[in-house]
Amino acid sequence: MCFHHRLVLSCGHYIWLPKVARACAAEEAFTRGETTIGCSKMWSTGFCTMKVSQKCEDCSNKEAKSTAQIAEIKRRIGALKELVEKI
């Protein structure tokens with residue numbers, strides 16, 4: 001099991017970085033060319049993890065879509081209020 005660097009985003013999702021913080025024996029043997037299969041288990045510790053205040057692309061897109069929908073709903077409610085006031 002290798003320890004990798006990882007980014008934790010403000011939305012709660014995370015991204016594994018390609019840099020290995022500490023390779024296990026199986027991965028080191030693969031790097032030296034002694035085996036054909038490397039380590040497939042990725043782990044991270046608090047020392048290898050960074051938190052950033054950015055959201056992932058999917059969450060940013062969902063937030064933008066929701067914000068636009070809420071603005072449209074507020075606009076429609078305002079138009080309905082004006083119609084009711086005229087009656």
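**Figure 1. Salt bridge between R32 and E34.** R32 pairs with E34 in a salt bridge whose closest N and O atoms are 3.0 Å apart; a salt bridge is a side-chain nitrogen of Lys or Arg within 4 Å of a carboxyl oxygen of Asp or Glu. Both R32 and E34 are exposed, where exposed denotes over 50% relative accessible area, buried under 20%, and partly exposed the range in between (1.4 Å probe, protein chains only). The structure holds four salt bridges. Side chains of opposite charge can pair when their charged atoms come close. This is a predicted model, in which local features need pLDDT of at least 70 and side-chain atom pairs count only at pLDDT 80 or more, whereas totals for chains, interfaces and linings use all residues. Residues are numbered from 1 along each chain as its sequence is written, and side-chain values use heavy atoms, with hydrogens and water left out.

Figure 2. Helices (H or I, at least four residues) and strands (E, at least two) are DSSP runs, numbered from the N terminus. Within helix α2, R75 and E72 lie three residues apart, about one turn of the helix, and their side chains meet in a salt bridge of 2.6 Å, N to O. R76 also forms a salt bridge with E72, with the closest N and O atoms 3.0 Å apart. R76 and E72 are separated by about one helical turn because they stand four residues apart in helix α2. Through shared partners, these salt bridges join E72, R75 and R76 into one network. E72 is partly exposed, with a relative accessible area of 29%, while R76 counts as exposed at 51% relative accessibility.

Figure 3. A search of the whole structure finds one aromatic pair. Y14 and W16 form this pair in an edge-to-face arrangement, 5.8 Å centre to centre with 85° between the planes. Rings of Phe, Tyr and Trp (its six-membered ring) pair if their centres lie within 6.5 Å; planes under 30 degrees apart count as stacked, over 60 as edge-to-face and the rest as tilted. Y14 is partly exposed at 46% relative accessibility, and W16 is partly exposed with a relative accessible area of 29%. The charged end of R6 sits over the ring of Y14, 5.1 Å from its centre, and R6 also lies over the face of W16, at 5.6 Å from the ring centre. A charge sits over a ring if NZ of Lys or CZ of Arg is within 6 Å of the ring centre and within 35 degrees of the ring normal.

**Figure 4. Surroundings of S44 and T49.** S44 is found in the loop between β3 and β4, and T49 lies in strand β4 (residues 49–51). A polar contact of 2.8 Å joins their side chains; such a contact is a pair of N or O atoms within 3.5 Å, and within protein one must be able to donate a hydrogen and the other to accept it, with residues adjacent in sequence counted only if both atoms are side-chain atoms. A polar atom of the S44 side chain lies 3.3 Å from the backbone oxygen of H4, and the T49 side chain reaches the backbone oxygen of T45 at 2.7 Å. Not counting residues up to four places away in sequence, S44 touches F3, H4, R6, W16 and T49, and T49 touches R6, V8 and S44; contact means heavy atoms within 4.5 Å.
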